[in-house]
Amino acid sequence: MNDFYNKDIISIKDYTRDQFETIFDYTEKIINLDPASRREICKGKTLSYLFYEPSTRTRLSFEAAISSIGGNSLGISDISSSSTQKGESLADTVKIMSIYSDVLVLRHPLDGSSRFAAEVSSKPVINAGSGTEEHPTQAIQDLFTIKKEKKKIDGLKIGIVGDLKYGRTVYSLLSGLSNYDVDVHLISPESLRIRTDSIYEIKKKISFTESTDIEEYIDDLDVIYVTRIQKERFPDEEEYLKVKGSYVIGLDLLQKMKEDSIILHPLPRLDEIANDVDKTKHAKYFQQAEYGKHTRAALLGLTLNENGF
Ligand code: CP
């Protein structure tokens, strides 16, 4: 039986380096399969999605992924049109959706929501973003992108820039990177520094520096992972306005970067990467979004097939 069969995907912390490499191998297999063979992988399987927060990439890439491997999808993307509006609980909604599908994808504003859903669901639950805590399938996509574009992960110098306090992708990515031999530089406004309590375990496995100055390491980085300042998670708009626009990656900054460095972003972006950076060889964030469909297809194929595919 493969390690992922019939299992929830809740936290990136639950995976080993070997398991990441297995996912990467299956992702390559998905990319290289002809469309007809790909459609056999999850033929007749149904994915359901339940999104309590807005999403473009995660929800649509899951839908595109299951469709590409022969399955179908149904779900709730606008919670106001569901019976949640009548007061139905998350537990009951999850129980009902797991009756109608083979795997359930959940995004929810509360930390711990996916783990709770997994306890009440009769089908595997995939965390598509829980509070400020985790976004594990984004991290798998990010690690795959780094490996694909840089041909390795070990030995790289990686800068993570922006909202390190509220950005859940950062915590999942740091946790994933802690399985590799990398140097990490965290760059954020003082008020948006990484939450030390949330990286207590990660700190034992990975070394990193913290800084407010993006220029300090820019000429030495192989990967710059840029994040959006998460306005919706600030308790006070005044505090958001103080840090809005703190970092903008523009063509001027690109001049200082290594020739072969790459820029990633989980997206959506606001103003933290200038649009004219998109056409440069450094910009890999749209490629990263495309890899998200393939890594999710691989995860679904492994979750829904006992012996892999
Ligand atoms: N990266 C990401 O989670 O994007 P969405 O919020 O659009 O799903």
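## Ligand site

A polar contact is a pair of N or O atoms within 3.5 Å; within protein, one atom must be able to donate a hydrogen and the other to accept it, and residues adjacent in sequence count only if both atoms are side-chain atoms. In this predicted model, local features need pLDDT of at least 70 and side-chain atom pairs count only at pLDDT 80 or more, while totals for chains, interfaces and linings use all residues. Residues are numbered from 1 along each chain as its sequence is written, and side-chain values use heavy atoms, with hydrogens and water left out.

The ligand is surrounded by Ser55, Thr56, Arg57, Thr58, Arg107, His135, Gln138, Pro266 and Leu267, each with a heavy atom within 4 Å of the ligand. A polar side-chain atom of threonine 58 lies 2.6 Å from a ligand oxygen atom, and one of glutamine 138 lies 3.0 Å from a ligand nitrogen atom. Proline 266 instead places a backbone N or O atom 2.8 Å from a nitrogen atom of the ligand. On its own the ligand has 260 Å² of accessible area, of which the protein covers 91% (Shrake-Rupley method, 1.4 Å probe; for residues, only the protein chains shown count as cover).

Arginine 57 is in helix H3 (residues 57-68); helices (H or I, at least four residues) and strands (E, at least two) are DSSP runs, numbered from the N terminus. With 26% relative accessibility, arginine 57 counts as partly exposed, where buried means under 20% relative accessible area, exposed over 50%, and partly exposed in between (1.4 Å probe, protein chains only). Neighbours within four places in sequence aside, arginine 57 is in contact (heavy atoms within 4.5 Å) with Phe62, Pro266, Leu267, Pro268, Ala289 and Arg296. Arginine 57 and threonine 137 are 80 residues apart in sequence, and their C-alpha atoms are 11 Å apart in space.

Proline 268 belongs to the loop between strand E9 (262-264) and H10. The peptide bond from leucine 267 to proline 268 is cis, with omega near 10°.

## Domains and cores

Domain 1 (12-134 + 291-304) and domain 2 (136-289) divide the chain, with bounds from an automatic or database domain assignment. Their C-alpha centres lie 25 Å apart. The contact between them takes 31 residues from domain 1 and 30 residues from domain 2.

A nonpolar core is a set of buried Ala, Val, Leu, Ile, Met, Phe, Trp, Tyr and Cys residues joined through side-chain atoms within 4.5 Å. The largest one has 58 residues, and Ile160, Leu174, Leu177, Val182, Val184 and Leu300 touch the most other members. Helix H10 (residues 285-304) gives the largest share of this core, seven residues. A second, separate core has 19 residues, including Val161, Ile218, Leu254 and Ile263.

## Histidine 185

Histidine 185 lies in strand E6 (residues 183-187) and counts as buried, at 9% relative accessibility. Its side chain makes a polar contact of 2.6 Å with the side chain of threonine 209. Residues up to four places away in sequence not counted, histidine 185 touches Ile158, Gly159, Ile160, Thr209, Tyr217 and Leu221.

## Positive phi angles

Lysine 151, not a glycine, has a positive phi of about 65°. Lysine 151 sits in the loop between helix H6 (136-150) and strand E5 (157-161), and is exposed, with a relative accessible area of 68%. Asparagine 6 also has a positive phi, near 60°, and is in the segment before helix H1 (17-32).
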